[in-house]
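Here are my notes on this model, point by point. Please read them with the structure open.

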Amino acid sequence: MGGAMLMSGASTASAATKVDTQLKIRDIDPNPVVVEPGSETTAYFDIGASSDVKKVELSVAPEGARTLRAKDVKDLEGWRFAVGFTEGDPQGKWQATAVAFDSAGKQIATDTAFFSVELEKSKSETRISRFSADPYKIRKGRTIEFSGRLQVDDDGWEGVRGEKVNVYFRANGSSGWKWVASAKTKWGGKFYAETRAYKSGTFRAVFDGNDELDGAKSRTDSVRVYGSWWRR
């Protein structure tokens, strides 16, 4: 049988010699099984069996479960099985049980292995509030100052500390944004940065996000830059 695991032993052993039955859940991939909300993750179970094993059945269930409906198990070639998991499945430790049968349908061996099912954490929503570029009208070469707050929605908006926020600039008449400054958020999510004034245009702050937080963009704020010839 294509899925049988080769047995070690003396080459002179006769065909009548009784086979030492072996059954082993060799691999569970992936482990842990991480499920994304709204999607399905397939786990693959690889079973090793001796030549006297003619049939293998696999079942999986949360550890200690008694009344849960049995999971659908797809039988692949070579004693391999596939099981799909969704966010509706219990999180935590699961048990896989393999059962081997001989040619007469008699159960001759079992093996168990453990794995875990985890739900991928959704990222928290963030926002950049109170972003401003000051002053709104400035002489070329002077300093433009930026300020704002990075906040996360955690049963209410709270400041996020220690995250990097980038400030981008788009000159009047241009469609592209150019990086001009960066800042780390401080207590209460506040950040401050600055750059030199060269052209009139629009600024905005951007947080790229991370493994736990979604990214965010601020509102835009415009600054008018004038030269030494300009009179108010």
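1. Salt bridges: the count comes to 5. The model is a predicted one. Side chains of opposite charge can pair when their charged atoms come close. The points below take up some of these bridges.

2. Arg-26 and Asp-46 form a salt bridge, with 3.3 Å between the closest N and O atoms. Arg-26 belongs to strand β1, and Asp-46 belongs to strand β3 (residues 41-49). The two are 20 residues apart in sequence, so the bridge ties together separate parts of the chain. How accessible is Arg-26? Its relative accessible area is 44%, so Arg-26 counts as partly exposed.

3. Lys-93 and Glu-63 also meet through their side chains in a salt bridge, at 4.0 Å from N to O. This pair links distant parts of the chain, 30 residues apart. Lys-93 sits in strand β7 (residues 92-101). Glu-63 sits in the loop between β4 (55-62) and β5. Lys-93 has a relative accessible area of 45%, which makes it partly exposed. Glu-63 is partly exposed too, at 45% relative accessibility.

4. Arg-219 and Asp-221 make a salt bridge as well, 4.0 Å from N to O. Are the two partners buried or exposed? Arg-219 is partly exposed, at 48% relative accessibility. Asp-221 is buried: its relative accessible area is 16%, and the cut-off for buried is under 20%.

5. Next, the surface charge. Which residues gather in a patch of negative charge on the surface? They are Glu-125, Asp-153, Asp-154, Asp-155, Glu-158 and Asp-214. Asp-214 lies in the loop between β16 (201-207) and β17 (216-217). With 33% relative accessibility, Asp-214 counts as partly exposed.

6. Trp-79 is another backbone case. Its phi is near 55°, a positive value in a residue other than glycine. Trp-79 is found in the loop between β5 (73-76) and β6. Is this residue buried or exposed? Trp-79 has a relative accessible area of 8%, so it is buried.

7. One joins Asp-29 to Pro-30, with omega about 0°. Another runs from Asn-31 to Pro-32, with omega near 10°. Pro-30 lies in the loop between β1 (23-29) and β2 (33-35). Pro-32 is placed in the loop between β1 and β2 as well.

8. Now the aromatics. How many aromatic pairs does the structure hold? It holds 7. One of them joins Phe-85 and Phe-115 edge-to-face, with 5.9 Å from centre to centre and 70° between the planes. Phe-85 comes from strand β6 (residues 80-85), and Phe-115 comes from strand β8 (residues 107-119). They are 30 residues apart in sequence, so the pair ties those parts together. Both Phe-85 and Phe-115 are buried.

9. Phe-131 and Phe-146 make a stacked pair, because their planes meet at 10° and their ring centres are 6.3 Å apart. Stacked here requires planes under 30 degrees apart. Phe-131 is buried, at 1% relative accessibility. Phe-146 is buried as well, at 2%.

10. Last, the aromatic cluster. Which residues form it? Phe-45, Phe-85, Trp-94 and Phe-115 do, as one aromatic cluster. The edge-to-face partners Phe-85 and Phe-115 are thus members of this cluster.

Conventions:
Residues are numbered from 1 along each chain as its sequence is written. This is a predicted model: local features need pLDDT of at least 70, side-chain atom pairs count only at pLDDT 80 or more; totals for chains, interfaces and linings use all residues. Side-chain values use heavy atoms; hydrogens and water are left out. Patches are made of residues with over 30% relative accessible area and no salt bridge: like charges are joined within 9 Å, nonpolar side chains (Val, Leu, Ile, Met, Phe, Trp, Tyr) within 5 Å. Accessible areas come from the Shrake-Rupley method with a 1.4 Å probe; for residues, only the protein chains shown count as cover. Lys and Arg count as positive and Asp and Glu as negative; His and the chain ends are not counted. The place of a charge is taken as NZ of Lys, CZ of Arg, CG of Asp or CD of Glu. Helices (H or I, at least four residues) and strands (E, at least two) are DSSP runs, numbered from the N terminus. Buried means under 20% relative accessible area, exposed over 50%, partly exposed in between (1.4 Å probe, protein chains only). Rings of Phe, Tyr and Trp (its six-membered ring) pair if their centres lie within 6.5 Å; planes under 30 degrees apart count as stacked, over 60 as edge-to-face and the rest as tilted.
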